[in-house]
Each structure stands twice: as C-alpha cells, then as structure tokens.
Amino acid sequence: MKPFEIVETPIDTQKYTDYVLHAGAGAVTVFTGHVREWTHGVRTLYLAYEAYVPMAEKKLAEIGAEMEAKWPGVKVAIAHRIGEMHISDIAVVIAVSSPHRKAAYEANEYAIERIKEVVPIWKKEIWEDGEEWIGGQRKYPEGGGQQ
Amino acid sequence: MITVHYFARLRELAGKAEETIDQKSMTVSELLDWAEETYPGFGKDTVHVAVNEEYALKEDVIQSGDVCAFIPPVSGG
C-alpha cells in the first residue's frame, strides 16, 4: 500500500490503521465514507467514481502534509476507491494517529473537508430512472457562476 | 502539441478521455474558450484547469508538451 492512494478494489481499513499506528500514538481515528442508499429522497442503486489518479494521489499527499503542519505529531494515511461501488461499500478511508485524542479527531475531519475541495475525484449517482454526475456541475444557467 | 484530459461529465460530453491540440502555446483562458467552442455546453466558468497536475490560473501560459486536465467541480469523499 501507499499512504496516499487511489485504489480500484475494496478498501481494507486495517492496512491504513496499521500504517499510522506507532509507539507514540495515543489515539487513532479512522473515518470511512460509505455509499448511501438515499439522498434527499432519491434512491441510489450504485455509484461510479472516477479520478485523475496521479493528481489525486498528489493532492491527497499534500493534504497529509497540511495536516502534519497544523497538528504536529499526527501521522496520516488516506485511500479513495474508484469504479463501481454498491450500497455500504467504503469509498474513502482516512486514518490519523496522534499522541492525543483531540488532534486525531480534528485532523481527520479536516482531511475529508479538503478532499471535497481539491482532490480530482468525481462521483456519479445511478438511480432507477437516471444518473447524474454530482458536484455542482448540473443545471448552470448560461454564463452563470458556480452555485 | 498540448495534451488535454477530460473527466466525468466533460468526458461524456467530449466523447473521449483525452486528445491533443496542435498549439505551441496558449493561456488557460484561451484553452477554456477553445473547449467551450468545440464542445457547446462545456461550462467553462465552472471548470478548473490543471497543468501538469497542478491547478492553474486563467492567465497561466500552457506550452507545447504540457499535459492539461479539465477539472469539473469535484465530489470525492
């Protein structure tokens, strides 16, 4: 495994937990993002994720570096899966270890927020009666700005 | 030649994942104008451009040999 990676197969969270664990770690937070069946009353059958893989891995590593600068002593591993995923599958895992609890929680939340801002990964929801790429690119008025 | 990559909605719109443009140099802004003209509905105002895997500004200059990617709003996580 790489500590910051895009994968095409099911995510084994234990690998990432083991990677961040060390003798100085007093806390480990592991966040997993899962495929959700219902979004705003619409039932999803499955999701299809795609990524600009080399840039996505680079951006994940940059997020890790940002976290280590903001919360000294944290150790980070992040993996995001692409391809088709079904309900309850793990799309993303973020493992953070820290000497103390608070930083582990805070840094982990920071990571998911930054992933949603800067990492080139896209999600398509496939419903019973249609499909759509998610992320704000829908239904812009002519010449309109973003959201 | 400038290489461009398409993803997600833009890949479906362009009908391809990548292509090359026969240009020696152009600005990011010019590249977006080209894309909008070539693929109506591209939505250039909502699309970022990465040059050699780094987000670029509208006035940045792309040179022959660079690898560009159109980045529609991301939705990972």
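Trainee: Is Val28(A) buried, partly exposed or exposed?

Mentor: This is a predicted model, in which local features need pLDDT of at least 70 and side-chain atom pairs count only at pLDDT 80 or more, while totals for chains, interfaces and linings use all residues. Residues are numbered from 1 along each chain as its sequence is written, chains are lettered from A and ligands numbered from 1 in the order in which they are written, and side-chain values use heavy atoms, without hydrogens or water. Val28(A) belongs to strand S2 (residues 27–34) of chain A, strands being DSSP runs of E with at least two residues, and helices runs of H or I with at least four. Buried means under 20% relative accessible area and exposed over 50% (1.4 Å probe, protein chains only), so Val28(A), with a relative accessible area of 32%, is partly exposed.

Trainee: What is the relative accessibility of Thr44(A) in strand S4?

Mentor: Thr44(A) lies in strand S4 (residues 42–51) of chain A. Beyond its neighbours within four places in sequence, Thr44(A) has contacts (heavy atoms within 4.5 Å) with Arg36(A), Glu37(A), Ile87(A), Glu125(A), Ile126(A) and Trp127(A). Thr44(A) counts as buried because its relative accessibility is 1%.

Trainee: Which residue of chain B meets Lys59(A) in a salt bridge?

Mentor: In the interface, 32 residues of chain A contact 22 residues of chain B, and the count between these chains is four salt bridges (a side-chain nitrogen of Lys or Arg within 4 Å of a carboxyl oxygen of Asp or Glu). In one of them, at 2.7 Å from N to O, the side chain of Lys59(A) meets that of Glu54(B).
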